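Hi there,

Here is the structure I promised to pass on to you. Please open it and keep it beside you while you read the rest of this email.

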Amino acid sequence: MRWLGVLVALTLSGCDTDKPAPAPPSSATQSAARPTPSRRPPEPPPRRPPPQIACRALTVKGKVTAPGAPHPLVNGAPLDGLTWLELAPGAKLALRHTKSARELELSGPALVLPCAGGEEEVLLTRGSVKTSPGPGARPGAEVLIASPFGAFRYGNAQLEVQVNATSAKGKAISGEAWVELAKGARRVGPEHLQSSKDSVTLSGKPEADKLVDACRSAADVAAKRARELLGGGPAGDGGADGGTLGERARAHVEARQAARWACAVASAAVRRAESSPERDRQEMLIRRAESLWKAVPRREPATPR
């Protein structure tokens, strides 16, 4: 009987080997079984940085417009420090600087860039400006009012500046201010306004090209003084004969100030011309010069000996 059981087992195993192999899964089954690679959602376009608010219009009286803007300026409108404004005759615009809270008032007819580049700076090609003392004044901070004939700078003062096609006039009501003469202009009156009786007139025929060149030259000097401040070069370029650290720091600050004044004056002068490729070229050169004098140089690593 034992051999009969073995025979049955062998017979059954042979039958199993004769069974056809299971059919391979269909392509649909394979695709369903295969994990689907995850697809990343498309990346959203980069967000534009929010517009800078350099100043805000406190009050607007009369017609004040910006090139390409669909509507005139209104009370409370933000200003980016990059857009030039035109004030119609009789128009007035009171402004407050966003960061410092300094205030001033512009009167038309005027072509002006208030809070230029977000700084406490006004580029006045034509028109009038009145400054207010008090709010925003702090040690070492100067406001600059630049015209094609020169610049007026002050720390805490009430000034009146009027600019037309042939001259720029400045008068101190309170406080004190200093005058930086543009290349090619002449001055009648004191360089330092320090009483209510002091006034000055700047006139002449400054040439835009020469003012742009002056801006670029001043920027080059400021960049050189920055390198000298870091030291490590030969005499006259930050070496041992370049003066003490304090002397080099002072020279650097003075060079930056001179570049700031020169480039602001050049910008105000260039805007007197109608829009053209030449004006675009000059403004591009000024922007490059401003980037140069504002840049912070890096100390080069010492070369191993």
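Below are some notes on a pair of helices and on a pocket. Please keep in mind that this is a predicted model.

Let's begin with the helices. Two packed helices are described by the angle between their axes and the distance between the axes. Here, look for helix H3, residues 208-230, and helix H5, residues 277-294. Their axes come within 8 Å and cross at roughly 15°. Angles under 35 degrees count as roughly parallel, so H3 is roughly parallel to H5. The crossing of H3 and H5 is left-handed.

Which residues of H3 and H5 make the contact? On the H3 side you will find Ala208, Asp209, Val212, Cys215, Arg216, Ala219, Asp220, Ala222 and Ala223. H5 brings Glu278, Arg281, Gln282, Leu285, Ile286, Ala289, Leu292 and Trp293. Sorted by class, this contact has eleven nonpolar, five charged and one polar residue.

Now for the pocket. Rolling a probe the size of a water molecule over the atoms shows where empty space is left. The largest pocket has a volume of about 910 Å³. Its lining counts 35 residues, and Ala116, Gly117, Glu119, Glu121 and Lys294 lie nearest the centre of the pocket. Among the elements, strand E7 (121-131), helix H4 (245-270) and H5 each supply at least two lining residues. Which element gives the largest share of the lining? That is H4, with seven residues. By class, the lining has 13 nonpolar, 13 charged and nine polar residues.

Enjoy exploring!

Best wishes

Note on methods:
Residues numbered from 1 in each chain as written. Predicted model: local features only at pLDDT ≥ 70, side-chain atom pairs only at ≥ 80, totals over all residues. Heavy atoms only, no water. Axes fitted to C-alpha atoms, helices over the stretch in contact; angles between N-to-C directions. Helix = DSSP H or I, 4+ residues; strand = E, 2+ residues; numbered from the N terminus. Parallel < 35°, antiparallel > 145°, perpendicular 65-115°, else oblique. Left-handed = near helix turned anticlockwise from the far one by under 90°. Contact = heavy atoms within 4.5 Å. Nonpolar A, V, L, I, M, F, W, Y, C, P; charged D, E, K, R; others polar. 1 Å grid on protein atoms, 1.4 Å probe; cavity = no way out; pocket = protein on both sides within 12 Å on 5 of 7 lines; lining within 4 Å. Points joined across faces, edges and corners; volume = space filled by probe spheres on them.
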